[in-house]
Amino acid sequence: MTTPSLAVPDLTDPVTHLAPGGLDEVWSELRQNDPVHWHPGTDDTPGFWVLTRHADVSKVLRDSARFTSERGNVLTTMLQGGDSGAGSMLAVTDGPHHTALRNLLLKAFSPRALDGVVRQVRETTRRLVDEAVERGHCDFARDIASYVPLATICDLLAVPRSDRDTVLGLTKSALASDYADPQAGEDRLARGELLLYFHELVAHRRAHPGDDVISLMATEPAGTVTLDDDAIVLNCYSLIMGGDETSRLAMIGAVRELAHDPEQWLSLKDGTATAQQATDEVLRWTTPTLHFGRVATEDVELHGQTIAEGDLVTLWLCAANQDETVFGDPEVFRLARTPNKHLSLGYGPHFCLGAYLGRAEITAMLDALRDRVARIEQTGDERRIYSNFLTGMSSLPVSLTPA
Ligand code: HEM
């Protein structure tokens, strides 16, 4: 293993991920010459390992015994010393309780259970695309993509219609990734308000259960554990955070790419690429979550390096999805790509719970565009989001010519 010839920028800094031209060269260098890279810490925060090869990222994601999520699964919380939802919130829980909680939630996330929800997703997406086509132009991020995923989670949680705009506003502020200079403390305030809101909703569902996900958690045990209000609220919060921005960013990224790549747009229009293939390539290409993280529970040797017990390990899905040993011409956006073993939805025991739903949302959007739109043109500058965890755009002005 040689030392990388390229300086690795500060991966904790959101600005790094906005670099013009992206970090492709850095990831390529790391994959080839320093696949287990040590990222130094600061006076206040620890250093962490950076893994970039598809095989290594998959291996760690699969091994929740030696690489736990219980001390956080994203860089920011890991650097702060852990996640307050550990052991309660699905994504940051391991072992038998994770399995039991996941099995409980899967009752609401199986393709059969989601049948009605997915039908609604298709209808809403088609309506929004039709309206945009009629106007001739839209901000695809604001007018279409920001609406569908959150409305869908709200359907799953049965959030009353009258509260939905408030929930959307709070979700956006809680992540605070739209702007480089979020108002101080705004994100924490919004998170607090969201949690409070869901506490009230849980209390209401305990008294009046329905057939939504909150009622499921409130009335059925996870294995032998009855979930308390805090646990239910944390999991609602996590469904909103997990399912809203990710799908939204994938859809916006797809539209930007299709506006600039007539050949791929044609391959979608003429059916050379099926909607399913196209959905997976959109996921690989956009990789909305740049990384996930784990903490080592014992010493582990990897490519001659020792990852010590307690070390933070970051898994860069964006780098793994460009691994040339797995993907032919990884730098090319090819909707008909097959096979496509991207890691955008994770892998192993924490594989995305909402994978079927997220895919259905992207497919619905591609279907609607294919059927209703002849040409997509970008009509103004896009705005990129500011984050070391999520990547994509919060604004994308386009014109849509009717088919
Ligand atoms: C297409 C967009 C989506 C992407 C790119 C995405 C990505 C991911 C990834 C990479 C993971 C693994 C995290 C880890 O290993 O630590 C994950 C887990 C998860 N996702 Fe998604 N997700 C998407 C859509 C959704 C939706 C729509 C929902 C729910 C409504 C959702 C809810 C979750 C939950 C609850 C987990 C934790 C699963 C577990 O720990 O067992 N995601 N997601």
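Student: Let us start with a sheet. In what order do the three strands of the open sheet lie, and what is the sense of their pairing?

Tutor: In general, two strands pair if DSSP finds at least two bridges between them. Helices (H or I, at least four residues) and strands (E, at least two) are DSSP runs, numbered from the N terminus. Here the three strands of the open sheet follow the order E4-E12-E9, with antiparallel pairing. Strand E4 (137-139) and strand E9 (373-378) are the edge strands, each pairing on one side only. From one strand to the next, the twist averages 30 degrees. Please bear in mind that this is a predicted model: local features need pLDDT of at least 70, side-chain atom pairs count only at pLDDT 80 or more, and totals for chains, interfaces and linings use all residues. Residues are numbered from 1 along each chain as its sequence is written.

Student: How many bridges join E4 to E12? And which residue is the bridge partner of Cys138?

Tutor: E4 pairs with strand E12 (residues 397-402) over three bridges, in the antiparallel sense. The partner of Cys138 is Val398 in E12.

Student: Which helix lies across E9 and E12?

Tutor: An angle is read between axes, which are lines fitted to C-alpha atoms, for helices over the stretch in contact; angles run from 0 to 180 degrees between N-to-C directions. Helix H12 (residues 245-260) lies across both strands and runs at about 95 degrees to E9.

Student: Let us turn to the other sheet. What is the order of its five strands?

Tutor: This open sheet has the order E1-E2-E8-E5-E3, and its pairing is mixed. Strand E1 (36-39) and strand E3 (67-68) stand at the edges with a single partner strand each, so one side of each has no neighbour in the sheet.

Student: How do the individual pairs make up this mixed pattern?

Tutor: E1 and E2 run antiparallel and are joined by four bridges, with His37 partnered by Val50 in E2. Strand E2 (residues 48-51) pairs with E8 in the parallel sense over three bridges. Along that pair, Val50 stands opposite Thr314, and Trp49 stands opposite Val313. On the other flank, strand E5 (residues 291-296) pairs with E8 in the antiparallel sense over five bridges, and Arg294 stands opposite Val313. E3 and E5 are antiparallel over two bridges, where Phe67 has Ala296 as its bridge partner.

Student: Why is strand E8 described as largely enclosed?

Tutor: A residue is buried if 20 or more other C-beta atoms lie within 10 Å of its own, exposed if 12 or fewer, and partly exposed in between, with C-beta atoms placed from the backbone. Five of the five residues of strand E8 (residues 312-316) are buried, so the rest of the structure largely encloses the strand. Leu312, Thr314 and Trp316 point one way, Val313 and Leu315 the other. E2 is likewise covered on both faces, with Phe48 and Val50 buried on one side and Trp49 and Leu51 on the other.

Student: What lies across E2, E3, E5 and E8?

Tutor: Helix H2 (residues 54-62) lies across these strands, at about 125 degrees to E8. Its buried residues are His54, Asp56, Val57, Val60 and Leu61. They pack against elements including E2, E3, E5 and E8, as well as strand E6 (300-302) and helix H15 (317-320). Such contacts are defined by C-beta atoms, placed from the backbone, that lie within 7 Å.

Student: How is a crossing of two helices read, as for H14 and H16?

Tutor: One gives the axis separation, the angle and the handedness. Helix H14 (residues 275-286) and helix H16 (residues 355-372) have axes that come within 9 Å and cross at roughly 115 degrees. At their contact, Ala275, Gln276, Ala278, Thr279 and Val282 in H14 meet Arg359, Ile362, Thr363, Leu366 and Asp367 in H16.

Student: Finally, is Val233 buried or exposed?

Tutor: Val233, in helix H11, has 25 C-beta neighbours inside 10 Å and therefore counts as buried. Beyond neighbours within four places in sequence, Val233 is in contact with Leu195, Phe198, His199 and Val202. Leu194 is 39 residues from Val233 in sequence and 9.2 Å away in space, C-alpha to C-alpha.

Key
Two residues are in contact if their C-beta atoms, placed from the backbone, lie within 7 Å.
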